[in-house]
Protein chains: 2
Amino acid sequence: MNAVTGFGRPQFVTSVSRVESYIAAHDFAHPTLVIDVDAVERQFRALSAGLVRRDGRHAHIHYAVKANPHTAIIERLVALGSGFDAASRGEIELVLGQGADVDHVSFGNTIKKASDIRWAHAVGITLFAADAEEELEKLAENAPGARVYIRVIVDNPEADWPLSRKFGCASDKVMQLLDRARDLGLVPHGLSFHVGSQTREARMWTGTLDQVAAIWARAQDEGFDLQLLNIGGGFPAFYGEEIQAPTSYARSVIALIEDRFTDVPQIMAEPGRGMVAEAGAIAAEVVLVSKKSNDDLHRWVYLDIGRFSGLAETEGEAIRYQFVTPRDGDDTGPCVVAGPSCDSADVMYEKRPLQLPLSLKAGDKIVIRNCGAYTTTYSSVGFNGFPPLDSVVI
Amino acid sequence: MNAVTGFGRPQFVTSVSRVESYIAAHDFAHPTLVIDVDAVERQFRALSAGLVRRDGRHAHIHYAVKANPHTAIIERLVALGSGFDAASRGEIELVLGQGADVDHVSFGNTIKKASDIRWAHAVGITLFAADAEEELEKLAENAPGARVYIRVIVDNPEADWPLSRKFGCASDKVMQLLDRARDLGLVPHGLSFHVGSQTREARMWTGTLDQVAAIWARAQDEGFDLQLLNIGGGFPAFYGEEIQAPTSYARSVIALIEDRFTDVPQIMAEPGRGMVAEAGAIAAEVVLVSKKSNDDLHRWVYLDIGRFSGLAETEGEAIRYQFVTPRDGDDTGPCVVAGPSCDSADVMYEKRPLQLPLSLKAGDKIVIRNCGAYTTTYSSVGFNGFPPLDSVVI
């Protein structure tokens, strides 16, 4: 870490090299994500070191399981004392199966089937998210007495991938829902929000935190004794644009919170991408390089992995992965990059083509860096007859 | 079928009802595609009845396996004498395993690994697609003597889902590739194109066929004795907008071809969506209905299925599925429709909300019609801990 600014990525050179060394030393029949679980541990420790308040209390990490539910990652995080944010019954079963303490597991999806709430309540889950009356009613009926945090909608214009309005409710609804929760016999426990995926620097949290602090203060004024501020995810990974190093980032976010919230008993953070993305790289292969016509200025590079087999986050060209090829250093030119399926939507980078070596050709093995998050489980079961993305833990 | 215009869908009422009756009579723990394989057979027969030339010869159907590779569908189509268009080694293994004749299987993906070409050649596949020099070189090395058809890029402004430039090459390249194929010892066997998915009426093929006919004529002039015109897919399914009935549609397309091509020994068609989409419906459930703020004019309806669990073709709101709810007939209002995952991109209809009953609520069982194509295998392996889309054949 750069001691002066807190920026730069040198702390990850070792782990990336370990994954890339493994890839270089092995052959893969199909695209494969190689994960260094020690790198996950280093990142957990780096984030934890920054998630400390002025009085020494820690913000609790609930790893967002959806980012990568590989059992080796869950097992390691259980050993490190992490909590878990689960999106489904399936994820709760997974983390409990790996030994997670049920008190450290939250059911963070605001969209839950009644039967899944009932099941979660029966196994001992006591903390749930909600953003709507009907969800509170399902919770009251199927998990009576549960603690509930209300997810609020915030504007997040600074994130690389601002979220839609799919989750959360506007501030006028928040007070109604806290009221309704209490009326239904639930515990109105706190608020949650999401600053937006891939928020690269802590300072970008400022506007969002201002909005949430105003809602928090109003709830306190209205007599709700809120206990939990769940700050969600947004912790970034390196995809080519500079990001703040994890400890510095986490420390800055906590400082921004403490400047704005006077009395927050517990803070929870849910890093997903920011915990695992940099711990993995994908081994892939070039299948075809072509030009569509003789006067085209760019080439098409087709890989054996695409949007339907692991790289779904290239949708809208949102996440720009870093490619390592055996011909790096040769002259480069603009390339449209696409997947191997017979689907015309399976194109990853076209509006902003990648610069790749002109010498690249079919059969070349490539590495796609920092693919540890949101790859394996986004992969389709067998679209076009291709197997799902494989994974290996080293 | 409407005897006067050839339009309308009454011939499918029976099969849809059979699927919907089955759904009504069963409970499903997870979203499930129910497929009526007899409806696939009826569609195969309806298309075949139209794919007849003036001299009585038939255009050969190569079912696009990627649309739905369920073994029951493949088995039925094998029994009916269909050929198969395969996108991968996996699909070739599948159809050969179900008894398809290797002479009726084409490897239609223009993006193939050398090892997969070698394998396909070894099992007896002799017909391959290509659109680039490097692909021809891989074919020459790994499938010497193979028959190759060159895919051309055409403009298709009339399709509901126009294809990108991912597949095919411009006309200036076509002659070069036919030449190159011959030089490499391959057989320059024909041309292929794709008019665009979901081309609802045969008349929309006119402009595309004009373009391809000009390329075909030039190739004949330059001495290539082309044997095969592969007209690809584009055969529509009913998603709410009127489409031409299958026999009438196929007959019209053949007539348009014969008006433009003087000497085509063989015509091949690759319906996928047009073969299976209407033969299946998905049983799903409403998980939550909410408003984001008190003054919102629309509601959010969250289902237990979304873009990552089977309804990937709602991307860009391209395919507009038809929903049947137990409250149809009640007053309706505009609804944003989203999936159950903790992913903000998992929203299906927002720019053009659906009109759904205002009385709709969590737990309501719904049916999504005409989902037989491009659903099960697009489904993710386990995103957010949700299982992939299930399927049942009746």
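In this predicted model, helix 4 (residues 89-97) of chain B packs with helix 5 (residues 114-123) of chain B at an angle of about 20°, and their axes lie 10 Å apart. Because angles under 35 degrees count as roughly parallel, helix 4 of chain B is described as roughly parallel to helix 5 of chain B.

**Helix 4 and helix 5 of chain B**

- Two packed helices are described by the angle between their axes and by the distance between those axes.
- The crossing in which helix 4 of chain B passes helix 5 of chain B is left-handed.
- On the side of helix 4 of chain B, the residues that take part are Arg89(B), Ile92(B), Glu93(B) and Leu96(B), and they meet Asp116(B), Trp119(B), Ala120(B) and Val123(B) of helix 5 of chain B.
- Sorted by class, the residues of this contact between helix 4 of chain B and helix 5 of chain B are five nonpolar, no polar and three charged.

**Helix 2 and helix 3 of chain A**

- Helix 2 (residues 37-50) of chain A packs with helix 3 (residues 71-79) of chain A at an angle of about 40°, with 10 Å between their axes, which makes helix 2 of chain A oblique to helix 3 of chain A.
- Helix 2 of chain A and helix 3 of chain A cross in a right-handed manner.
- Helix 2 of chain A contributes Val37(A), Asp38(A), Val40(A), Glu41(A) and Phe44(A) to the contact, while helix 3 of chain A contributes Ala72(A), Ile73(A), Arg76(A) and Leu77(A).
- The contact of helix 2 of chain A with helix 3 of chain A holds six nonpolar, no polar and three charged residues.

**How the two chains are related**

- Chain A is superposed on chain B by a rotation of 180° with 0.0 Å of shift along its axis, and the RMSD is 0.0 Å, so the two copies are related as by a two-fold rotation axis.
- Among the residues of chain A, Ser380(A) comes closest to the rotation axis, with its C-alpha at 2.0 Å.

**Where the two chains meet**

- Chain A gives 68 residues to the contact, and chain B gives 68 residues.
- Between them, chain A and chain B bury about 5,700 Å², of which 55% is on carbon and sulfur atoms.
- Within chain A, the residues that lose the most area to chain B are Lys113(A), Lys166(A) and Lys292(A), which together account for 13% of what that side buries.
- The copies meet through the same surface, because 100% of the interface residues of chain A are also interface residues in chain B.

Key:
Residues are numbered from 1 along each chain as its sequence is written. Chains are lettered from A and ligands numbered from 1 in the order in which they are written. This is a predicted model: local features need pLDDT of at least 70, side-chain atom pairs count only at pLDDT 80 or more; totals for chains, interfaces and linings use all residues. Side-chain values use heavy atoms; hydrogens and water are left out. Copies are superposed by least squares on the C-alpha atoms of residues with pLDDT of at least 70 in both. Contact means heavy atoms within 4.5 Å. Axes are lines fitted to C-alpha atoms, for helices over the stretch in contact, and angles run from 0 to 180 degrees between N-to-C directions. Helices (H or I, at least four residues) and strands (E, at least two) are DSSP runs, numbered from the N terminus. Angles under 35 degrees count as roughly parallel, over 145 as roughly antiparallel, 65 to 115 as roughly perpendicular and the rest as oblique. A crossing is left-handed if the near helix is turned anticlockwise from the far one by less than a right angle, and right-handed if clockwise. Ala, Val, Leu, Ile, Met, Phe, Trp, Tyr, Cys and Pro count as nonpolar, Asp, Glu, Lys and Arg as charged, and the others, Gly among them, as polar. Buried area is the accessible area (1.4 Å probe) that two parts lose on being put together, summed over both.
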